[in-house]
Amino acid sequence: MKVDIQIRDIIEIILIFVGAFLFYEFIKFLLGNPYPLVVVVSGSMMHLDDIEQKHYEFLEKNFGYNRSFINSWPLKNGFGIGDILVVYKTDNLKVGDVIVFKNYCENIPIAHRIIAINDDGTFQTKGDNNFGQNVWSCYDERRIKREDVYGKVIFVIPKIGLIRYFVYKIFGF
């Protein structure tokens with residue numbers, strides 16, 4: 001009797017994992033990209049006390065955007081560590097959209113806001129909580145290629161990804 005209960009428990013655990021895997025694969029198919037759910041692991045899109053300088057002043061000074069235009073953008077309050085982003089693959093991208101794109105430095109995607117579209121069709125992005133655009137040897141936020149974009153953030157689920165965030169911080173994956 002006790003052995004039957006243990007076997008049933010093991011089978012239920014396996015079914016839960018298989019169900020979760022199949023659900024994730026269905027979401028990938030439905031949203032059209034390999035990263036349909038992304039856990040936020042950095043504070044680059046958080047809106048803190050210094051957002052005035054990092055976000056509004058930067059955009060006004062460098063791109064001539066006014067506050068009402070900036071405030072009309074989706075996800076105008078940003079998002080924080082541990083939030084889960086729902087990402088939809090689309091070619092309909094515009095200034096103000098938050099996109100998730102390939103990170104050539106690490107094996108984690110980046111979620112930043114499109115702040116300009118270049119003449120060649122590449123995107124300029126910036127994290128709302130960053131003082132400027134990241135320009136590193138492995139990627140340059142002034143020229144994000146369309147083929148490196150996984151999709152646009154269409155919804156944020158607050159804080160339920162904190163467990164995944166802590167696994168990332170502790171184990172690095």
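The largest pocket holds about 320 Å³ of space. A pocket here is an open set of points on a 1 Å grid over the protein atoms alone, where a 1.4 Å probe fits, with protein on both sides within 12 Å along at least five of seven lines; lining residues have an atom within 4 Å of a point. Points are joined across faces, edges and corners, and the volume is the space filled by probe spheres set on them. This is a predicted model, where local features need pLDDT of at least 70 and side-chain atom pairs pLDDT 80 or more, while totals for chains, interfaces and linings use all residues. Residues are numbered from 1 along each chain as its sequence is written, and side-chain values use heavy atoms, leaving out hydrogens and water.

Look at the middle of the largest pocket: of its 22 lining residues, Val41, Ser42, Ile108, Pro109 and Ile110 lie nearest the centre. Strand E4 (110–117) gives the most to this lining, with three residues.

Now for the second largest pocket, at about 220 Å³. Its lining includes Tyr24, Val41, Ile108, Pro109 and Arg164, and E1 gives the most, with three residues.

Finally, Asn33 sits in the loop between helix H1 (2–31) and strand E1 (37–39). Asn33 is buried, at 5% relative accessible area (buried means under 20%, with a 1.4 Å probe and protein chains only).

Notes:
Helices (H or I, at least four residues) and strands (E, at least two) are DSSP runs, numbered from the N terminus. Buried means under 20% relative accessible area, exposed over 50%, partly exposed in between (1.4 Å probe, protein chains only).
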